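Please look through the sequence and the model shown here, and follow the report below alongside them.

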Amino acid sequence: VPSLFDLYPGNEAMEREVYDMYGIGFTNHPDLTRILMPEDWEGHPLRKDDEIGRIPVQFRFLAKRGLFQIPFMGTHLTQAGHIPVTLDDPRGAIKTLTRAAQTIHERSVSLLIFPEGGRSEDGLLQPFKDGAAFVAIRAGVPIVPMALIGTREVLPMHGATFRSGPVTLRIGDPISTEGMTSHDRRALTERVRVQIVELLEPAGE
């Protein structure tokens, strides 16, 4: 793709971000090097045909609204169909979760939810919110527990620079929501948390 640097010099960093995340090159760019990821990072995180770290399913994120206000990232999240949720408005959050359940049912996509609601200062697993269980029960779909290991080392809490390092994704067994109602959401949340605790244990233990 032709670079717009000659016409709009301020576009230089944005083109580097696009290259970094999507792997799209820009001809005649003065310095098309990585700007968000380390230079030795393999692949491009937001490129859908990148085989590195690929999960072969369509899914969307449920993320706090503040992330949608970050330049470049917010634009991507919105255009890709990810769903913002307001943490300080319970009624608004319920409406968002209901809409998320409808999205799963109507579009046949999966929804990725981080049940702790945010990262922890000490890296320890925190209590889970029951939003994921609410969505799964409303949509009539199973929950698949997953655990990420190594992300704290790649991007420390409050950090703004990615580091090179291995990240492991462990996927647990699906938990059916058949026959459940919203009254079962807390019990379901606890079942999910128990399985994730097991997934986080070192291999071989």
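Predicted model: local features only at pLDDT ≥ 70, side-chain atom pairs only at ≥ 80, totals over all residues.

## Packing of H3 against H4

The crossing of the two helices is right-handed.

On the H3 side, the residues that take part in the contact are Ile-94, Leu-97, Thr-98, Ala-100, Ala-101, Ile-104 and His-105, and the residues of H4 that they meet are Gly-131, Phe-134, Val-135, Arg-138 and Ala-139. Sorted by class, this contact comprises eight nonpolar residues, three polar residues and one charged residue.

Ser-120 is placed in the loop that lies between strand S3, residues 110–113, and H4. The relative accessibility of Ser-120 is 10%, and this residue therefore counts as buried, given that the cut-off for burial is under 20%. When its neighbours within four places in sequence are left aside, Ser-120 is in contact with Gln-126, Arg-152 and Met-157.

## Helix H1 and its end

Helix H1 covers residues 12–22, and its buried residues include the acidic side chains of Glu-12, Glu-15, Glu-17 and Asp-20, along with Arg-16, Val-18 and Met-21. The residue that follows H1 is Gly-23, whose phi is positive, near 80 degrees.

## The chain as a whole

The protein chain has six helices and five strands, and from the N terminus on these elements run in the order α-β-α-β-α-β-α-β-α-β-α. Along its principal axes, the C-alpha trace spans about 60 × 40 × 30 Å.

Of the 205 residues in the protein chain, 33% count as buried, while the chain exposes about 13,300 Å², with carbon and sulfur atoms supplying 55% of that area. Among the contacts in the chain that have a separation of 6 or more, 51% are accounted for by residues 24 or more positions apart.

Conventions. Residues numbered from 1 in each chain as written. Heavy atoms only, no water. Left-handed = near helix turned anticlockwise from the far one by under 90°. Helix = DSSP H or I, 4+ residues; strand = E, 2+ residues; numbered from the N terminus. Contact = heavy atoms within 4.5 Å. Nonpolar A, V, L, I, M, F, W, Y, C, P; charged D, E, K, R; others polar. Buried < 20%, exposed > 50% of the residue type's maximum accessible area, 1.4 Å probe, protein only. Areas by Shrake-Rupley, 256 points an atom, 1.4 Å probe, with all protein chains shown as cover.
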